[in-house]
Amino acid sequence: MSSNANVSLYLDPQIRDWVLFPITLVMILVGILRHYVIVLLQSQPKQLPRAAIREQRALARSQILRATAAKSPIPPSHYTSISQQLSDAFAKGTYLKDGPPKGDSPAAAPNPITDPAAMDGMMAGMKTQMVMMVPQMIIMGWINFFFQGFVLIKLPFPLTLGFKSMLQRGIETPDMDVRWVSSLSWYFLNFFGLNGLYRLILGDGNSADSSRDMTASPFAGGAAVASPVQDYNKLFKAERDNLEFSEGLHNWVGNDVENRVLRKYGKLAPAY
Amino acid sequence: MSLQSSLEKLATFRKNNTRNSQETFEHGLNILKSGASLKLGDESWAFLEQLALAAIDVNRLDIADQCLKQLGDKFPGSPRVDVLTGIRMEATEPPSTVLSYYDELLQANSANAAVWKRRISVLRRLGKVDKAVEELNEYLDTFYTDVEGWLELADMYSACNQYTSALQALSHALLLTPQNPFTFLQFAETAYTAGDIPLALKMFLVVIDMNETEDEDAIPLGISVRAWWGTKLCSRALVASNSTHVSPSNTSIPKNINLIDELATERVLTAYSGEQGIQARSLVSNWMSGR
């Protein structure tokens, strides 16, 4: 190895001008293009009708109530009345978008494929996926076809052997110094590392970085959008138990307030 | 008045949600005339909206129309501009026209909260309180987290002497902002007016308890003075009536009510011990002794 380290490769400056810079430039430009294409493709956020919003927010309502139960700002009588009212409404299904369920036929779990609203969400996910996949595949093919096995750049710092598979993909040389980077590896470094640059150019929240989407499958995106299709009736029924539980926890801040105030002004001996 | 300082001032107003219409209008007109709003980029739209509202407030409808036109050209069909147009209509058009305009908007998008709220406010101004209360209830059933809405509902109920309902609305507001002593104070005062003296006493004490910074010797200020007065009124009534008070909310009367009464007397008198309060002090102490 030590003798190998002394042997230096000499890279043609034309490789730098005609391979290294073009790959980097193309990747940056494709990222920017991708950002604008996605902005164009983005469908308007769907407006929910009033009843759907009401259904969605009913749970938050009882969560707010439960969150305050341990140090509740409102006296027990008011708390119980609100809690009971919510519980009854959940039991009857007042908050359900389509009104209380009819009869005892259990509603089939809604299928996201048949629901057009959920389908839209899934399609949007697929569209962004396509915009990401196609150009990246083309760039990778381009690099593989024209620059296969090129050594593009030498890193200015030494690295351990473990980085060999990361930096020298596409060149099968067991003895070459790890500091040399192959064309395919340069592509991957750009692929994962350009996000910071995009953020400088396009600002935060841009959609140019494609490596982020790699982690999310199109169906995962669809599932997140499809979550409003949950069976609210079941959720409400479960929430009723939580409400009942919190009712037992209820403790009004006013319960002992007179003693606290009296102690604060020294009219009553401290409790401990 | 330099442009830079005007712009900064307006940005602060926007951030803090300050209405201050006269000042906003003067600064805004200055900027609009100099044409600097065009250089603001995306911020200029927020500025135009702010100026339009302020201009309507100070009855310079010509300026408001100018802003609205620019906004409407840039964002056709935007719900925000629609609401602004509605507010502009409220300034001159008869209420029935405005109401039908809002109805139209709501039909297009039934979940437009801003339009819904405007509609309710117009209804209330028209004196159709029953309709307004009904709509506001429906609105709050959908958009539960709107604290302002709950406070407005409580205000409407109080205006109709429906104190029990007002208390219910206020208890929702309390659930949403349990950190705000002013809501507690309003709850306490409403409970007092409703005749639920023990509940009011507790709530006044909670307000006092919330103002932690006050130490024993400090002179009560601001909200504390009001809360101590409330405590005094409640404890005085409770001591005098010898626990015959029935509380609709089943709140028990504190055991050491006499101690509280003493403390409240002391604190209220302390509030009038400063240089400014000294003239009123004799009046207050007369009232205290003459039960």
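The model is predicted, so local features need pLDDT of at least 70 and side-chain atom pairs count only at pLDDT 80 or more, while totals for chains, interfaces and linings use all residues. Residues are numbered from 1 along each chain as its sequence is written, and chains are lettered from A and ligands numbered from 1 in the order written.

In the interface, 29 residues of chain A are in contact (C-beta atoms, placed from the backbone, within 7 Å) with 28 residues of chain B. On the chain A side, two or more residues each come from α3 (50–67), α4 (76–92) and α12. Helices here are DSSP runs of H or I with at least four residues, numbered from the N terminus. The largest share, 8 residues, belongs to α3(A).

Helix α12 of chain A spans residues 257–264. Val257(A), Glu258(A) and Val261(A) are buried there; a buried residue has 20 or more other C-beta atoms within 10 Å of its own, C-beta atoms being placed from the backbone. Gly266(A), with a positive phi near 70°, follows α12(A).

In chain B, 10 of the 14 residues of α10(B) are buried, so this helix is largely enclosed by the rest of the structure. Among them are Tyr163(B), His172(B) and Leu175(B). The buried residues pack against α3 and α4 of chain A, together with α9 (147–159) and α11 (181–194) of chain B.

Note on methods. Buried ≥ 20, exposed ≤ 12 C-beta atoms within 10 Å, placed from the backbone. Contact = placed C-beta atoms within 7 Å.
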